Amino acid sequence: MVVSGFIHVICTFLISLALDTNAFLISNVKLSQSRSGVVQIEKDGQVGTICSDGFTLEDARVVCREAGFGQSGIAIPTLEHIYGPGTGKIHYNELGCIGNETTLSNCKHRDFVDCVHTEDVGVICDANGIRLQLENKDHGRLDVTINGQTGTVCNDYFDLNAAKVVCRQLGLPFQNAQYAKTRHVLGYNVPILLDDVRCSGTEDNILKCKMQIIGKNDCLHEQDVSVYCYAPVTMTAPTTTTSPTTTTVAVTTPKGVQSCLDDQRLNCDKSSCSTGLKTFCPLTCNLCNVTTPPPCKDNPVVNCNPKVCTDLVLKDYCKATCGICAGATTTWIHVTAVSPVVG
């Protein structure tokens, strides 16, 4: 009876130890490329990897902390086109770190692993582990490069705050940053690396924004995002007078003088007119002529273009176009029609 009871106690202890999700000890946590790469851990003298199943930002923070890089960390599933598969035994999957642990040994986990090495998780522990580039220096499709692999960013959840972070990180004007959907270029076959990017707007690096685990997305290239880092567009304000006058006003951008011709660098559709991009799409958004206040309406029977303003009869039917509304107290503004300089 005594022996039987002793064996029962020992068996119960061993079973409870096997089920204890905190009872694994690891050592020597490091990354395959120093500050980023495949997560490599040593357990029982054997170096191996961790599966990316269920891996989160909280898990990455603990990895970076234990590897000696402080608090930062962005989880990256190690796809073959980013870091390549790891080697050795895949020790664990579905880690359950809270994020404040000092070691992965204190995190919950699953011992049963049903992964292959193409699912090995990687982590970036350095905010400079990513390079950004716009297709046309200060505007265009946003590309990101990680470990020499270039990809795009999906527009899911991407907003003005994210656009500001991108422009700030690139050292470009960011206060007037805009974003739009990219017109997809056939043959541009690269992976979509970032998705669900959510920024507060104060971050100095896009890696500090919340996002989907890098390399994971549910997007098509038609959803690639473009960012515009132009300085604010300024317009010379007219002076109101007691009699109608004509004033020439130039709308200036960093690329030159722009007017009633839409900027050919942009996809000027009606969606542009509800954003700050409308200043670059004056024709589409009907911003060619500005009146304060609107003086009158032109006769719809007459084709009121500026040429009629020299006709002594027709100009009376085109008062708004010609700026000759009787009794109106206004200044008529006409934006000079010149071609934009594309640089």
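Biologist: In the hairpin of β2 and β3, which residue takes a positive phi?

Modeller: That's Asp44, with a phi near 55°, and the hairpin has two residues between its strands. Before we go on, this is a predicted model, where local features need pLDDT of at least 70 and side-chain atom pairs count only at pLDDT 80 or more, while totals for chains, interfaces and linings use all residues. Residues are numbered from 1 along each chain as its sequence is written, and side-chain values use heavy atoms, with hydrogens and water left out.

Biologist: How many helices and strands does the chain have?

Modeller: Both are DSSP runs, numbered from the N terminus: helices are H or I with at least four residues, strands are E with at least two. Here the chain has four helices and 18 strands.

Biologist: Which way do β2 and β3 run?

Modeller: Two strands pair if DSSP finds at least two bridges between them. Strand β2 (residues 36-43) and β3 run antiparallel, with three bridges joining them. Look at Glu42 for one example: its bridge partner in β3 is Val47.

Biologist: Which way do β3 and β5 run?

Modeller: Those two run parallel, again with three bridges, and β5 covers residues 89-96. Find Thr49 and you'll see that its bridge partner in β5 is Ile90.

Biologist: Now the chain as a whole. What share of its residues counts as buried?

Modeller: Buried means under 20% relative accessible area and exposed over 50%, with partly exposed in between, using a 1.4 Å probe and protein chains only. Of the 343 residues here, 41% count as buried.

Biologist: What share of the contacts joins residues at least 24 apart?

Modeller: A contact means heavy atoms within 4.5 Å. Among contacts between residues at least 6 apart in sequence, 66% join residues at least 24 apart.

Biologist: Which residues of α2 are buried?

Modeller: First, the general idea. An α-helix has 3.6 residues a turn, so residues three or four places apart point the same way. In α2, the buried residues are Asp59, Ala60, Val62, Val63 and Cys64. After α2 comes Gly68, whose phi is positive, near 95°.

Biologist: How many disulfides are there in the whole structure?

Modeller: A disulfide is a pair of cysteine sulfur atoms within 2.5 Å, and a search of the whole structure finds seven. Let's walk through some of them.

Biologist: What does Cys51 join to?

Modeller: Its partner is Cys115, with S to S at 2.0 Å. The torsion about that S-S bond is about -80°, so the link is left-handed. Cys51 lies in the loop between β3 (46-50) and α2 (57-66), and Cys115 in the loop between β6 (108-110) and β7 (121-124), so the pair ties together parts 64 residues apart in sequence. Cys51 is buried at 1% relative accessible area, and Cys115 is buried at 13%.

Biologist: Where do Cys167 and Cys229 lie?

Modeller: These two are joined by a disulfide, S to S 2.0 Å, and it is left-handed with -90° about the S-S bond. Cys167 sits in helix α3 (residues 160-169) and Cys229 in the loop between β13 (225-228) and β14 (246-249), so they tie together parts 62 residues apart in sequence. Cys167 is buried at 0% relative accessible area, and Cys229 at 2%.

Biologist: How far apart are the sulfur atoms of Cys304 and Cys318?

Modeller: They're 2.2 Å apart and form a disulfide. The torsion is about -80°, so this link is left-handed. Cys304 and Cys318 both lie in the loop between β17 (289-292) and α4 (319-322), 14 residues apart. Cys304 counts as buried at 19% relative accessibility, and Cys318 is buried at 0%.

Biologist: How many aromatic pairs does the structure hold?

Modeller: Rings of Phe, Tyr and Trp (its six-membered ring) pair if their centres lie within 6.5 Å; planes under 30 degrees apart count as stacked, over 60 as edge-to-face and the rest as tilted. The structure holds two aromatic pairs. One of them is Tyr228 with Tyr230, tilted, at 6.2 Å centre to centre and 50° between the planes. Tyr228 is buried at 8% relative accessible area, and Tyr230 at 2%.

Biologist: Which ring face does Arg168 lie over?

Modeller: A charge sits over a ring if NZ of Lys or CZ of Arg is within 6 Å of the ring centre and within 35 degrees of the ring normal. Arg168 lies over the face of Phe174, 4.4 Å from the ring centre. Arg198 lies over the face of Tyr157, at 3.7 Å.
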